[in-house]
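Reader: I would like to go through the salt bridges of a model. How should I read them?

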Amino acid sequence: MKKLMVIGIGAGNPDYITVQAVKALNRVDVFFLMDKGQSKDQLIDLRREICDRYITDHAHRFVEAHSPERERGEVDYTSSVEALNLAKQSTFERLINDELSDDQCGGFLVWGDPALYDSTIRILQAILASGRCVFEFEVIPGITSVQALAAQHKVPLNNIGRSIEITTGRRLAAGQVSDADNLVVMLDAQDAYQQVADRETQIYWGAYLGTPDELLISGRLEDVADEIERVRKAAREAHGWIMDTYLLRKP
């Protein structure tokens with residue numbers, strides 16, 4: 001039977017790879033690399049670098065495929081995500097059916113951890129439920145940008161006995177958050193931290209975590225929010241994309 005490995009490769013630093021991930025890499029015959037456009041070529045390059053560094057004596061090959069993009073603009077967010085995942089499902093099905101023989105193992109290298117804000121597990125489960133592909137798959141956890149953020153700022157994610165929540169910039173901008181004392185925000189394209197009313201809130205912000213382009217800023221929102229917005233804008237213009245995460249902590 002065909003086998004798949006969904007391998008968390010960490011948040012950008014090849015040293016974030018776990019021993020379990022190294023063992024999994026050395027079982028994979030075909031790596032599926034999802035191409036997200038020229039501006040994100042370095043994400044593909046990092047995946048190849050990780051394989052070159054950690055695969056010792058196992059023959060393997062790479063298959064690249066275009067990664068569908070979510071429709072932007074004035075569209076329903078939930079519907080656009082569902083359409084995106086259906087398009088990805090079709091692509092994954094083609095790759096598994098056409099590029100993998102019954103006795104081979106395929107691999108998806110997932111940025112960060114496959115269980116946190118990534119669709120690969122969900123898509124593979126949907127493919128199995130459809131009955132159009134038959135395979136087994138394993139999930140290998142990885143170091144997330146959330147863990148890397150806390151490590152680089154040398155802070156714990158929570159205070160003793162206090163609550164913590166992980167959410168998105170979209171939800172923060174809409175006020176759809178709990179009363180958590182510590183709020184980790186991911187996927188923020190709107191500078192939603194600027195809308196936090198209490199400007200004494202502490203923010204620990206990081207972008208391109210684990211990579212040579214890593215950026216770190218921390219302080220009270222009153223003092224650093226505008227700086228973060230300027231740095232984010234400049235970084236996005238320079239690289240063509242940005243991946244950032246931040247922790248908001250109540251005073």
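This is a predicted model: local features need pLDDT of at least 70, side-chain atom pairs count only at pLDDT 80 or more; totals for chains, interfaces and linings use all residues.

Reader: Which residue forms a salt bridge with D191?

Author: The partner is R232, and the closest N and O atoms of the two are 2.9 Å apart. The pair links distant parts of the chain, 41 residues apart: D191 lies in the loop between β7 (182-186) and β8 (202-207), R232 in helix α7 (residues 221-239).

Reader: Is R232 buried or exposed?

Author: R232 is buried, at 4% relative accessibility.

Reader: How many salt bridges does the structure hold?

Author: There are 12. One of them joins R132 to E93, with 3.0 Å between the closest N and O atoms. Here too distant parts of the chain are linked: E93 is in helix α3 (residues 77-99), and R132 is in the loop between α4 (120-130) and β5 (135-140), 39 residues apart.

Reader: Where do R132 and E93 stand in terms of burial?

Author: R132 has a relative accessible area of 51%, so this residue is exposed, the cut-off being over 50%. E93, at 11%, is buried.

Reader: Which residue forms a salt bridge with D223?

Author: That is R220, with the closest N and O atoms 2.8 Å apart. R220 is partly exposed, with a relative accessible area of 28%.

Reader: Which residues are linked in a network of salt bridges?

Author: D15, E49 and R53 are linked in such a network.

Notes
Residues are numbered from 1 along each chain as its sequence is written. Side-chain values use heavy atoms; hydrogens and water are left out. A salt bridge is a side-chain nitrogen of Lys or Arg within 4 Å of a carboxyl oxygen of Asp or Glu. Helices (H or I, at least four residues) and strands (E, at least two) are DSSP runs, numbered from the N terminus. Buried means under 20% relative accessible area, exposed over 50%, partly exposed in between (1.4 Å probe, protein chains only).
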